Amino acid sequence: MAKKQSKKIAWIALIATMVGGFSGCSPKNNAGNYAPTAGVYSYNTYTSVSPSNWNALTYRDNNDTQIMDYITSPLFEYDFVYETDDDEREVKENEISISYAMATKLEDVSKLYVGEAWGVGQNETGRAWKITLRDDLKWEDGTKITANDFVYSMQEQLNPDFKNFRADSFYKGALVIHGAKDYFDGKEKEFAKVGFFAVDENAFVVLLDQPMYLLKDDGSLSYKAVYNFTSFPLVKRDLYEKSKIRPITGSTLWTSNYNSSKDTTASYGPYKLTYFQAGKWYVLEKNEQWFGWKDERYQGQYQTDRISCETVAEYNTAWMKFQRGEIDGIGIDVSIASDYKGSDQAYFTPDDFVGSVQLQSSKESLKKRESAGFDKEILSYVEFRKALSLGLDRVAYNTACTTSSRAGFGLFNSMHYYDVEEGKAYRESDEGKKVLCETYDVNVSDYGSLDNAVNAITGYDLEKARSLVNTAYQKAKSAGEISDTDKVRLTYGSAVDNEITRRNFENLNAQWKTLMKGTALENRFELVFDASFGNEWATSFRSGSYDVCQAGWRGAAWDPGYFLLAYLDPAYAYSSAWDTSSHSLTFTMTGVNGNGDVTNNASDYYSATMSLMDWYNRLNGKWGTGNLRENFRLPLIAVLEKEILTQYYTLPITNNYAASLMSYKMDYATYEYNRFLGYGGLRYATYHFDDLEWSNYLSKQGGALNYK
Amino acid sequence: MFRYIVKRIALAFLSFFIIMTTCFFLVKMLPLVVNATLGQDAEIAEAQIVARGYRDPILVQYVAYIRRILFEWDWGVGVNMPEYVGQGVWGVFIEKLPPTVLINVYSTLFAVPIGILLGIYSALKKNGWQDHLVSTLVMVFVSVPSYVTAFLVQYILCFKLGWLPLTMGAGTEYFTWTTFRSMLPAVFSLSFGSIAGYARFTRAELTEVLTSDYLELAKAKGLTKSQCVVRHALRNAMTPIIPSIIAEFIAVMSGSLIIEKIFSVPGVGRLYLTAITSLDYDFFMMLSAFYTFIGLLAGIVVDISYGFIDPRIRVGKR
Amino acid sequence: MQEIPVFTARPIGYFKDAWRRFKRNKASVVASLIIGFLIAFSLFAPMFSPYTVSYQDDYYKFRYPRNKLFLSLGLDFWDGCAEKTLPEHTFYYYLSMGKETGRYAIKGEKYEKFDKEKGSYYQFRLDSYEEIGCVFLSLTNGEYERIQRYQDETGRQVLYPTTSPNLRPTIDGNPKLTLDANYWYQYKVVSGRDENGLPLKQKVLIPVFDDDGNFQNIYASYSGGDGYFSRMRVEGETPLYDYSIPNQTGVEVRVNYHEYYRFYHSYVLKDGIDEPNFLFGTTQAGKDVFTCLGSGARLSFFLAFTVSFVNLLVGGIYGAIEGYYGGNADLIMERVSDILSAVPFMIVITLLKMHMGDGSQLLALFIAFFLTGWISMAKRVRMQFYRFKNREYVLASRTLGAKDGRIMLKHVFPNAIGTIITGSVLSIPATIFSESSLSYLGIVNLNTGSVTSIGTLLANAQPYLTTYPYMILFPALFICLLMLSFNLFGNGLRDAFNPSLKGIE
């Protein structure tokens, strides 16, 4: 019968195709059918979420910056410093030098713009900076890049119709361009009034409302030039104009799809985008028009010819690809940690993230959410909160709930520097150490030296914690807030309900229940899990909807003074009901005169009492006639940190560390983490195999490599 | 018959409309979130939301939404989706559709012949050891969750033996040989369940037909076994298969989410999962509309095909 | 004269007839026995295990399954060990554990040495229950004394000499090393470049042996202030060693974790757990798979049975009304159920979950299954009612004045019962399957610490499929058996209730 025959034929045809498919089996790494070529060095990587919008004006998160980093070039840059000059040279640990990249000159021209128009005073410095560019800068299609391109880009960045995400980096925080906010809000219609304009074909001026000091005393570049002035956006005018999209019906927002696909992307960095498939794969190749290929400073760097990145959502799949040599680096997940963390190819990266337990600060909201027979107000007593802190075994928590992180005790960890140039970490300073001892009630005299005392800190002292619970209980009882039969029930809120959040919750619950044994609240304490807050967990906590959450902050690793914003500013702080504008603090410094200027006279001192917010603003604004030097800022930062920690609204518990494996194919320049350059990235990476050699090596090894 | 078809289609549109409206309202009633991170301006995020019209009353948003779709065929723009911010929903959707459809088509092409043949074989050798073997295999495939089989396929075929690539290749040329080869692991994983289903179904239908009266008559008339089977039994047994193939195809479309995640197939399933977790209104509505649409379509097609294929079940007659 | 036939066989009811047919089908009987076994497992297994679902241990995560019976037989199977091939420095790390405490991480002290270009590799069976070795703990003084009393009472050594803090490996790049209490021996740090001239990413610690090839310890010398009064000390202890270092909590000590576990559970918690022994291994959170599987099965069964029952009830009534009354009522009700059935399941569960929040996921799941499940039951019942409502006995009954309800229940319904029950039973494994898929995709999470489900077990085990396959083996086996037996059972029921399928048993 025809039907059966046709079915038979179909089946045979299918088998034939299957058999044909099994032939030819070397592992491929194709995007657009790339075959391994001799002399070409490819860097193959993966991402779990594909980038979608690497538009410098409005990118969303760090995932989008993947591509951005390759197609842009900075004005100023860090370089490694080597021990010797020969080929076998090793990178000097923790040292860098700072050079001009796209720029050739940086000058302080504040005195040229004195006057009302720009709001610059007669003797002010650091208010206006003139940046001169190289004259050989080009886009990937050969068009010249001029200062006007920078001005155009800034104008588009602040365009009021677009409400671009990154606009606030130019009027908030440390970098405040004159008139930027007004232009963004639509109050100022003329861009010429904004402090960002070209003075030449190859030079532009940035006028700031807050002074910045970017040069060292001898006129050479300070690291601050790189830190503050790398983020000027640059977009290609004709391409950007084409990418603008009118508002859709029912909306007034203009959008742009610049830098979201191959055709809408323009590069001015070492690599250009040659292939992009959304959600799947992207490829970058050398941008011949980049000025750096002819520049001596980059000799021997950027050995990578081609970058290929595939989107792989499933870790297990990525792990198999890594073992087959298709991917060149991968993070060590808990599922493979025990076998691979001892591997030769493993390396560990410290992180500036500090995770903490946050306790509700608003007594009102606590009272409002109490129910009959249950008390929450006891949380408003600092003794109780301190007890919760001392009753938390942080080491046990980290063993149970993290893969490779360590116990954290302070708001800052070892990655926060108060003097980045000299490499002085805040936590290593005496002031930083003393704060920890005082917060956790460790007497230096018991241990002999400050270092011994710090090493002995565990943050876990059940005896003391239990007596504090009893103290708090007595206070609450005499205030009539808790009776002899009331139980204490606190709500632990979370964004999602999954295995990880449940595990963290269980750990805290069990530890605190153990704490209550032997106190008046024995068997009368419980923690309850609530994940109904979803993405609003942070705002809900700040507005008092629940009692305990886990959150942390990351960023501002080189400006611990600025970082305190996260704990003091009610817009950001989790302890939003703690009024830092009325909490006053007396602070004394020696060697400094009444204005806050450094005198080097030991008998001079400065002492004042103000609110915490005022201290913070002093720390981050002008002090005296200029900026206070770092080693004098240090005591203030320490005092503020101690004040925050001893409120016990924030209980630090974790310092993050990440573990990764490196492929045999390549190596970074160094594995000593450099606070400026990390491990050197692709710029300094070297390869042991080119693509063809690697492909041959893999077939010789029989497909899968052993990384143990 | 014709009137019936028209009635069914009209009803389907009505259902579609009601479901979509309910979805829209339910989704918009969920609270909108603005999360600020250190250094970022919550004001800008809020300004963007207002400018997009998300703070308007729901009815106003609804009317604008319908107008946009009917007059401009503009399904909106991604807002919260991590990978498609600022991109037109319809464009992304059309781009993602081919891989999903292709994988499902290939897996159906692969599963149907094998499943049916297995079913026929075991029905013919009823109660013999072959029948039991096939039945057990079928049971096992139906019982094992798809992600387990997918992982086994990936681990054995792609990792250990290296016959096939671990993930689907890049490229929008879906009909090249390399892309086809990279789709094979996903196709295999998807088809195991289908093969089992078809085999079981065929076996049941065929055995029922084989024991009916007219077959006894055919045998009595002197036809050989194979002639019986081929000329009479198969044709009757096959009639319910086609609707079930269509139904299975639709079920597999919505069920391939897991496979797409494991093999990095840039298809519609992953899009849906992300839209749900990131609560992107436009994507969620579009994809819900899509899945509802194919569900309704499947229903109509199955009903109509029943009417065409089996004269005993001419619809309209009760 | 006519012969009056005498019936020699007694008339039997419909159900008895079906039961007889069912018994004859061997596959169905076996299937029902298996189902019975699985249900019994889910009910009783948690009772026989000393662990509860909320039990978890931070150190005993990813432990292999261990069966005492197999262990005593000396087999290399189900013994809590895994075959490992590791480089030399890791091998010495594990070997040293046995040399110090007598608790060997290398099973039977058996190993084989291979030489490869990268160096020497050793192959051995690593006992996952001993591989943790020693850990540092912070104890209060009270707890410290308690352990010592335990040691003296039972003769089991828990505390081992602590190591001098300045001799401990302090490699900043590797946070785990500084907390690793297993480096009780002298070592040298190998760094710089390896034999190929490539920079070593991680500094590696190689033991320094004495002339006899033994490990040399780096214990802290006796200082007089360690508060150690127990008589259990390590062998050959001259000079004496310190067993603790004071810190904020009280003291920091070094314990062998296996012994500490025994001490903690049998002496402090007194919860019936003695030695760590997990029949099916532990999960990535340190929970016992055996207990979790039993408890998860309970929840899954409960969910599936309830859903099935409710769907049966609601769908049955709805379909009965539709089918019996026909006409306009049928038309309207059909339209409503048509519209409802077109809603994709994913949409229902997603919207429900978003609106009901993460707190009541089980309820949301139940409602989602219910909303999408009763329709097929209703359709089936409706079909049956259509077939039987015009039979003569129904007409007769109506003529005799029986009310509608009575007719539906007593006359029409029993005909439909076969299909209804079969459909009901076959929907149970489908529900469990769907629940496991949803848990896997992360759309629902039923794991709340004291309650878990099979789907979450499978979902959590899936990332470790290639590294720890035992974690997925047992739940997958369970679900396979379940599906298989339910399918066979359902088939058997269908055949039993439907005698017209003659010859097909």
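Q: What should I know about the model and its numbering before I start?
A: The model is predicted, and local features need pLDDT of at least 70, side-chain atom pairs count only at pLDDT 80 or more, and totals for chains, interfaces and linings use all residues. Residues are numbered from 1 along each chain as its sequence is written, chains are lettered from A and ligands numbered from 1 in the order in which they are written, and side-chain values use heavy atoms, with hydrogens and water left out.

Q: How many residues of chain A are in contact with chain C, and what area is buried between chain A and chain C?
A: The size of an interface is often given as the accessible area lost when the parts come together. Here 55 residues of chain A are in contact (heavy atoms within 4.5 Å) with 50 residues of chain C. The buried area (accessible area, with a 1.4 Å probe, that two parts lose on being put together, summed over both) is about 4,300 Å², and carbon and sulfur atoms give 46% of it. On the side of chain A, A:Asp344, A:Glu499 and A:Lys708 lose the most area to chain C, together 13% of what that side buries.

Q: How many residue pairs between chain A and chain C are in polar contact?
A: A polar contact is a pair of N or O atoms within 3.5 Å; within protein, one must be able to donate a hydrogen and the other to accept it, and residues adjacent in sequence count only if both atoms are side-chain atoms. Between chain A and chain C there are 8 such residue pairs, both residues being at pLDDT 80 or more.

Q: Which element gives the most to the side of chain A that touches chain C?
A: Helices (H or I, at least four residues) and strands (E, at least two) are DSSP runs, numbered from the N terminus. Elements that give two or more residues to this side include α16 (499-516) and β24 (650-662) of chain A, and α16(A) gives the most, with 5 residues.

Q: How many helices and strands has chain B, and how much of chain B is buried?
A: Chain B has 13 helices and 0 strands. Buried residues (under 20% relative accessible area, 1.4 Å probe, protein chains only) make up 56% of the 318 residues in chain B.

Q: Is helix α12 of chain B mostly covered or mostly uncovered?
A: Helix α12 of chain B, residues 268-278, is mostly covered, with 9 of its 11 residues buried, among them B:Val268, B:Leu271 and B:Ile276. Just after α12(B), B:Leu279 takes a positive phi of about 55°.

Technical notes:
Buried < 20%, exposed > 50% of the residue type's maximum accessible area, 1.4 Å probe, protein only.
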